[in-house]
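Try each task yourself before you read its solution.

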Amino acid sequence: MSRLQLTEEQQKIVDAEFDSILLINAYAGTGKTSTLVEFVRSPKRKCKKFLYLSYNSSMSKSAAKSFKGIKNVVIKTIHSLAYGAVGHKYKERLGNLRVLDMLGYCEDVDEKEQYYYAYLLLSLVREFANSKYTMEKFINIKIEESSSWGKEHKASLRYFLDKLPSVWEDLLTNEEMPFEHDFYLKLYQLSEPKLYFDYILVDEAQDINGVIIDIVLKQRSKKVFIGDTYQQIYSWRGASNSLEILSKMPGTKTLYLTQSFRCPQVVAALANQYLTLLDAPKPFRGTRIQRNDDPTQTTVVARTNAKLFDYVVENILFNEDEEEFKIHFVGGIKSYNFQDLIDIQNLQWGKTEYIRNGFLKRFYDIEELSEYAEEANEVDLKVKITIVRKYMKHNIRNLIKMIEERVVDANKADYLLTTGHKSKGLEWDNVLILDDFVNIKEEIREDGEAVVSKEELNLLYVAITRSKHKLSISKDYILSNEFIEENRHLIRIM
């Protein structure tokens, strides 16, 4: 494997000396994996043992290629470690809990509020599973956090905390209950495992949760956490930004990678508009290499699966000018779960015998499903219902068949289709971003001020920085320096 010509930032990381923790905040496309490879290959570390931890299997496969031939590196996902230790015991039950699975614990409240209470209880179970705490410590901390709350809110929290231990016990012992992957990861953390390596490298560190942080910090190894604070987009599944958390720990050394090898300067300039809103400490620098070619393939990035379906139907299936165009879904069309749209339409038509999704089968009609989606605050489900109603005059099964007929291999497609979440870690020459991402201008117009989720801004930053050459985006997403200066006091980021 040939050695790379490193930037000054990369060389500083390779040469870094630290006692316990090294944090590397690496912006999009700045060569973090190649930097880690050179870090490992440094002569002063040639006799050290490394554990490279990734969050998912696709990252592990990619890392295996990058570290090929380097024998002192073991590559694992954190869940594979946990599955080998304890998770295999639950392999027949692995699946996702639903709000309905929690209803039995909430029968002591008014029937109209049971779904909402079940939703809050499920959220609390997942919060515990993703935390670094034991059950007793978690409950005590939640009680401490509520010390300044009003009497009514304290009582409500106590209601859920009283039920939490029995729910967790049921999850561990009841064979009828689905068991989520993060639950056996929690059991692994509570067992206080020992990992015998000189260094542990944690990739995509901005998206790991308290459980993973705790497992790694309790090891005697030196730790390297690398990621991008502004690509943290998985808090909905319990992720916490370890780069921010760990940066506040005594003795932590923090270094940066800001020079992108992917994004042209014009794309970096747009990304910097959002990084400015997010108070990034350093600007993102794009590559100045000029390209004159014209990409023939377009990658369409949406915020939601439903918007992507809508785009394909309206702009490709129903557009006579694009009759022959071929498409490809990044990760495979099945991963976009369009079958749920068919099931919801069958529910709308009263054809419940044709519904495949066991969860959707439980509802009498689409109105009852809509009521559940609102009460349980299942946003993705609400969007799917909206799309089904939009295409109520069409047979969605037939529309999906028409879409499937256009699907080809990625290298033969005119359009690649994906979502912001699925696009992470990938890059394309020509990117089109749809308009279902957070729109600050629209938020300010409607309310006079914008209360914006930090994670939604991060997700838009992720989508923008997938482009290696051309980027098409609504002018509503382009924020001038003047706009930011004039309106920043109206923008509250949560």
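A charge sits over a ring if NZ of Lys or CZ of Arg is within 6 Å of the ring centre and within 35 degrees of the ring normal. Keep in mind that you're looking at a predicted model.

**Exercise 1.** Find out which ring faces Lys49 and Arg45 lie over.

*Solution.* Start with Lys49: it lies over the face of Phe197, 5.2 Å from the ring centre. Now take Arg45, which lies over the face of Phe39 at 3.6 Å from the ring centre.

**Exercise 2.** Classify the pair formed by the rings of Tyr27 and Phe284, and locate both residues.

*Solution.* First, a search of the whole structure turns up 26 aromatic pairs. In this one, the ring centres are 5.8 Å apart and the planes stand at 80 degrees, so Tyr27 and Phe284 are edge-to-face. Next, Tyr27 sits in the loop between strand E1 and helix H2, while Phe284 sits in the loop between helix H12 and strand E8, 257 residues apart. Finally, both Tyr27 and Phe284 are buried.

**Exercise 3.** Work out how helices H13 and H18 are oriented to each other, and what kinds of residues make up their contact.

*Solution.* Begin with the axes: those of H13 (residues 305–317) and H18 (residues 396–406) come within 11 Å and cross at roughly 70 degrees. Angles of 65 to 115 degrees count as roughly perpendicular, so H13 and H18 are roughly perpendicular to each other. Then look at the contact: residues of H13, including Phe309 and Val312, meet residues of H18, among them Leu399 and Arg406. Sorted by type, the contact of H13 with H18 has 10 nonpolar residues, no polar ones and 1 charged.

Conventions. Residues are numbered from 1 along each chain as its sequence is written. This is a predicted model: local features need pLDDT of at least 70, side-chain atom pairs count only at pLDDT 80 or more; totals for chains, interfaces and linings use all residues. Side-chain values use heavy atoms; hydrogens and water are left out. Axes are lines fitted to C-alpha atoms, for helices over the stretch in contact, and angles run from 0 to 180 degrees between N-to-C directions. Helices (H or I, at least four residues) and strands (E, at least two) are DSSP runs, numbered from the N terminus. Angles under 35 degrees count as roughly parallel, over 145 as roughly antiparallel, 65 to 115 as roughly perpendicular and the rest as oblique. Contact means heavy atoms within 4.5 Å. Ala, Val, Leu, Ile, Met, Phe, Trp, Tyr, Cys and Pro count as nonpolar, Asp, Glu, Lys and Arg as charged, and the others, Gly among them, as polar. Rings of Phe, Tyr and Trp (its six-membered ring) pair if their centres lie within 6.5 Å; planes under 30 degrees apart count as stacked, over 60 as edge-to-face and the rest as tilted. Buried means under 20% relative accessible area, exposed over 50%, partly exposed in between (1.4 Å probe, protein chains only).
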